[in-house]
Amino acid sequence: MVARAAFAEGSGVMARRTEKRVLTAARPDRVVPRDVPPVPDVDRSRADEASVTYSAYRTDLSNRRTGLSEHRTDLSEFRTDLSSDRTDMSMRRTGMSFQRTRMSAERTLMSIMRTALSLIGFGFTIFQVFSKLLHLPDIQLGANAPRNFGVAMVALGLLMLTLGIVYHLNFMKGLRHERNQMIQEGLLHGQSAYPVSLTLITAGLLWMLGLLAIVSMVFDVAPFG
């Protein structure tokens with residue numbers, strides 16, 4: 001009877017603990033420590049009565065240990081939930097790191113574009129200015145000097161821009177591959193997609209503009225001739 005009652009009590013405790021875990025994910029309540037009951041004083045001359053009393057005492061201690069074990073289990077599950085939340089936050093931080101790395105690559109390409117634009121603009125300006133000065137009688141310049149210098153500056157800007165575009169494409173390709181691999185391995189959410197790079201499109205347009213400037217200077221044709 002005692003064992004059956006203890007089993008019924010333990011089943012009720014397990015059911016209440018499961019229901020509590022489903023309803024709330026809050027931290028388990030702190031267990032108030034209780035004093036261990038003293039060993040019962042029994043009449044040793046009555047063996048049957050003493051055995052029943054000691055059995056009930058052991059059952060009470062077992063129930064106490066079961067309650068503490070269940071509380072430790074609740075705490076362990078609570079720590080597991082916290083670890084899952086921390087893992088989710090880490091995955092989101094990793095995704096944001098990929099976005100920051102992508103934006104850093106965009107800023108690097110924009111810096112290369114500014115330098116290339118300066119070289120292209122400076123070379124074309126030199127060509128235009130000194131080409132007009134060739135018609136003045138007091139200026140002694142070679143006939144092809146402005147064109148050669150301007151073409152060299154524009155070509156240097158185009159070369160720098162080409163290397164910057166190739167480096168950006170290779171870097172972004174490796175970054176996308178690593179990101180997709182981490183998504184497949186479940187290490188990254190991957191909810192935020194990579195947008196189309198407007199910086200790369202602008203760099204391509206600038207490259208075409210520089211190429212047109214070289215063609216215009218060499219062959220003296222429109223649109224810049």
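**Figure 1. Phenylalanine 171 and what it touches.** Once residues up to four places away in sequence are set aside, phenylalanine 171 touches Thr101 and Ala105 (contact here means heavy atoms within 4.5 Å). This is a predicted model, where local features need pLDDT of at least 70 and side-chain atom pairs count only at pLDDT 80 or more, while totals for chains, interfaces and linings use all residues. Residues are numbered from 1 along each chain as its sequence is written, and side-chain values use heavy atoms, with hydrogens and water left out. Phenylalanine 171 sits in helix 3 (helices are DSSP runs of H or I with at least four residues, strands are runs of E with at least two, and both are numbered from the N terminus). Along the chain, phenylalanine 171 and alanine 105 are 66 residues apart, yet their C-alpha atoms are separated by 8.0 Å. With 31% relative accessibility, phenylalanine 171 counts as partly exposed (buried is under 20% relative accessible area, exposed is over 50%, and partly exposed is in between, using a 1.4 Å probe and protein chains only).

**Figure 2. Two aromatic pairs.** The structure holds 2 aromatic pairs (rings of Phe, Tyr and Trp, the last by its six-membered ring, pair if their centres lie within 6.5 Å; planes under 30 degrees apart are stacked, over 60 edge-to-face, and the rest tilted). One of them joins phenylalanine 124 and phenylalanine 127, a tilted pair with 6.4 Å from centre to centre and 45° between the planes. Phenylalanine 124 and phenylalanine 127 are 3 residues apart in helix 2, so about one helical turn separates them. Phenylalanine 127 is buried, its relative accessible area being 12%. Then there are tyrosine 167 and phenylalanine 171, which count as stacked because their ring centres are 6.2 Å apart and their planes are at 20°. Both of these residues lie in helix 3 (residues 145-184), 4 residues apart, or about one turn of the helix. Tyrosine 167 is exposed at 53% relative accessibility.

Figure 3. How many cavities of 30 Å³ or more does the structure hold? There is 1, and the largest cavity has a volume of about 40 Å³. (On a 1 Å grid over the protein atoms alone, a cavity is a set of points where a 1.4 Å probe fits but cannot get out, and lining residues have an atom within 4 Å of a point; grid points are joined across faces, edges and corners, and a volume is the space filled by probe spheres set on the points.) The lining of the largest cavity consists of Ala105, Thr108, Leu109, Ile112, Gly164, Tyr167, His168 and Phe171.

**Figure 4. Histidine 168, tucked into helix 3.** Histidine 168 has its place in helix 3 and, at 4% relative accessibility, counts as buried. Apart from neighbours within four places in sequence, histidine 168 is in contact with Ala105, Glu106, Leu109, Ser197 and Leu200. Leucine 200 is 32 residues from histidine 168 in sequence and 8.3 Å from it in space, C-alpha to C-alpha.

**Figure 5. Arginine 102 without a salt bridge.** Arginine 102 belongs to helix 2 (residues 47-133). Arginine 102 is buried but has no salt bridge (a side-chain nitrogen of Lys or Arg within 4 Å of a carboxyl oxygen of Asp or Glu). The nearest side chain of opposite charge is glutamate 106, 4.4 Å away (Lys and Arg count as positive, Asp and Glu as negative, and His and the chain ends are not counted). Leaving out residues up to four places away in sequence, arginine 102 touches Met172, Leu175, Tyr194 and Pro195.

**Figure 6. Alanine 193 in a loop.** Look for alanine 193 in the loop between helix 3 and helix 4 (198-219). Is alanine 193 buried or exposed? Alanine 193 is exposed, with a relative accessible area of 62%. Beyond neighbours within four places in sequence, alanine 193 is in contact with Gln99 and Arg179. Alanine 193 and glutamine 99 are 94 residues apart in sequence and 9.2 Å apart in space, C-alpha to C-alpha.

Definitions and conventions:
1 Å grid on protein atoms, 1.4 Å probe; cavity = no way out; pocket = protein on both sides within 12 Å on 5 of 7 lines; lining within 4 Å.
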